[in-house]
Amino acid sequence: QVQPVESGGGLVQAGGSLRLSCAASGSIFTIGAMGWYRQAPGKQRELVATITSGGRTNYADSVKGRFTISRDNAKSTVYLQMNSLKPEDTAVYYCNAERVYVDGTRFGAWGQGTQVTVSS
């Protein structure tokens, strides 16, 4: 089974915007919760935002009001719209997609990460 594939990272000035995408499809499982995490140099990976298959969202306090997570269930794709970016948002952003197998087993699969750099 292929891992989730992220896209949309890059370099942006402070105050700018970026939109990340992550596609996570499979033939023998459905996709449950999806989320975005980030890891800055020298720091632990941290939650940014998550969204359930029903659309319920959760955000880290540091991004509330600036970032919006959404998903297209038909495409098994999750998005992260990032506005008013700050230098402290600089990190590698990882997508996590929960695979739900027919026997009820759940497994969170990670993407390879995409770099987001915000210059001051």
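Predicted model: local features only at pLDDT ≥ 70, side-chain atom pairs only at ≥ 80, totals over all residues.
Start by selecting Cys-22 and Cys-95: a disulfide (a pair of cysteine sulfur atoms within 2.5 Å) joins them, with 2.1 Å from S to S. Residues are numbered from 1 along each chain as its sequence is written, and side-chain values use heavy atoms, with hydrogens and water left out.

Stay on the cysteines for a moment. The link is left-handed, with -80° about the S-S bond. Cys-22 sits in strand β3 and Cys-95 in strand β9, 73 residues apart; strands here are DSSP runs of E, at least two residues, numbered from the N terminus. Both cysteines are buried, meaning under 20% relative accessible area with a 1.4 Å probe, protein chains only.

Next, select Trp-36, Leu-80, Met-82 and Tyr-93. Among the 28 residues of the largest nonpolar core, these touch the most other members. Such a core is a set of buried Ala, Val, Leu, Ile, Met, Phe, Trp, Tyr and Cys residues joined through side-chain atoms within 4.5 Å. Elements giving two or more residues to it include β4 (29-39), β8 (77-82) and β9 (91-101).

Now zoom in on Met-82. Beyond its neighbours within four places in sequence, its contacts (heavy atoms within 4.5 Å) include Leu-18, Phe-67, Tyr-93 and Val-116.

Last stop: Thr-50, in strand β5. Thr-50 counts as buried because its relative accessible area is 19%. Leaving aside neighbours within four places in sequence, Thr-50 is in contact with residues including Met-34, Tyr-37, Asn-58 and Ile-69.

Definitions and conventions. Buried < 20%, exposed > 50% of the residue type's maximum accessible area, 1.4 Å probe, protein only. Helix = DSSP H or I, 4+ residues; strand = E, 2+ residues; numbered from the N terminus.
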